[in-house]
Amino acid sequence: MPIMTLCEQNYWLTTAEMPTTDASRPLPQRVDIAVIGAGFTGLSAARALAKRGAQVAVLESETIGWGASSRNGGMVLTGMKLGVNQLISMYGRELTRRMYAASLATIDCVEQMISDEAIDCDFSRCGHLEVACKQKHFDDYARQAEVIAREFNHQLRVVRKHELNTEIGSSIYYGGMVDEVSAGANPARYVAGLGRAAMKAGAEIFEHTRVEGLQRESSQGESGWKITTSRGTLWAREVFVATSGYTGNATPALQKRIIPIGSFIITTEVLPEALAHELSPRNRMIYDSKNYLYYYRLTPDRRMLFGGRAAFFPENDQTIRRSAEILRRGMIDVYPQLRDTKVEYVWGGTLDFAFDIMPHAGQLDGMYYAVGYAGHGVAMATYQGQKMAELIAGEKTAGDKPENPFVGIPFPGAPLGLYNGKPWFLPFAGAWYKFLDWVS
């Protein structure tokens, strides 16, 4: 397949209409809360805060949903990146229980938002399927499912190799595990709907407004923040940073704790109905058990969307073109049936990983933030926006503890402080994860 026939464009954006903002509107002089970033996290928070009567300005360096929020696979997933046994060893049973319950609540949060705001984004509780690339990975599924049933009262179904054809039209895996609670959606339509909802609630969104600096400054006797942007300055009582993989040097303390990692996606032409059904009989959100993983699904119009960390570096022309080739080969390894299928779209986006591969939220240097979704962002970002809005609005829950279990957990920076926000070590990390996949 000549790679040049590809459209280097995000397929989801061809299906969505983004809300328009008034580019000529000047920045307000002062607001209650400035939200940095108009993706899932920022828009979810802006909507919730505006509904509570706060004056909110969302400052976005590009346009609504421009980053990972419109570029992802549209998988609305339960669970977290790390396995439950690892979580229990890191945080103990009780906190892990709360984290797992929160991960299930994130799906309800997205579903509720879509229903309340009547967002047309093909949301469907189709469940997810994790497939085992090695026998050892499959053996671990039964142990995980048992712990999750016992500790968290949540049922996963382990699918043996000989039954796997009821779930996926590929014979390369050793078995799988299904969670029926997960869902799929069109992320571009979803983030467009969130943008409209935030504006309807009264939040103001300023596109092409890059935050260049933040400093503590009092105004009219109140402590707060002076925010310097590419379109002028404004003052806010509180700042909420929702920049994920696009976190920049305006918030250096956060930038040092977040690693931006490139993720890339190809999408085929529309498939015949029979072929689409053969590839994914139950229309699951599918991902494999490797560190350097592939994730894939059918789109609502029956294309195969196939993604992965084909290049660890964030997107540019080089990484996108190279990734298209790598992902196409990966797709044909999984589904030889697609050997002659045309790939129509390729694009990339940037995920945010913390050094401990966990979501983090709370306050740093007096600013509120929520970041670190590690590829589980559609659900977790929506939820964190909502929860952080409650925290910023001063809503207390049982025993004065925020009900958000990701607030206040240790948030490590790089070992030995060898990181300034520019991920020089990504090629080594990529090689290391490939090595781990090979040996495990």
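Two strands pair if DSSP finds at least two bridges between them. Helices (H or I, at least four residues) and strands (E, at least two) are DSSP runs, numbered from the N terminus. This is a predicted model, with pLDDT of at least 70 needed for local features and 80 or more for side-chain atom pairs, while totals for chains, interfaces and linings use all residues. Residues are numbered from 1 along each chain as its sequence is written, and side-chain values use heavy atoms, without hydrogens or water.

Strands first. Strand 9, residues 211-219, runs antiparallel to strand 10, residues 222-229, and eight bridges join them. Two residues lie between these strands in the hairpin, and Q220 there has a positive phi near 50 degrees. A hairpin of two residues also leads from strand 10 to strand 11. Strand 11, residues 232-241, pairs antiparallel with strand 10 over five bridges. Look at W225 in strand 10: opposite it stands R216, and in strand 11 its bridge partner is A236.

Now the helices. Helix 1, residues 40-51, packs on helix 5, residues 187-201, at about 25 degrees with the axes 8 Å apart. Axes are lines fitted to C-alpha atoms, for helices over the stretch in contact, and angles run from 0 to 180 degrees between N-to-C directions. The pair is therefore roughly parallel, a term for angles under 35 degrees.

Terms used: Angles under 35 degrees count as roughly parallel, over 145 as roughly antiparallel, 65 to 115 as roughly perpendicular and the rest as oblique.
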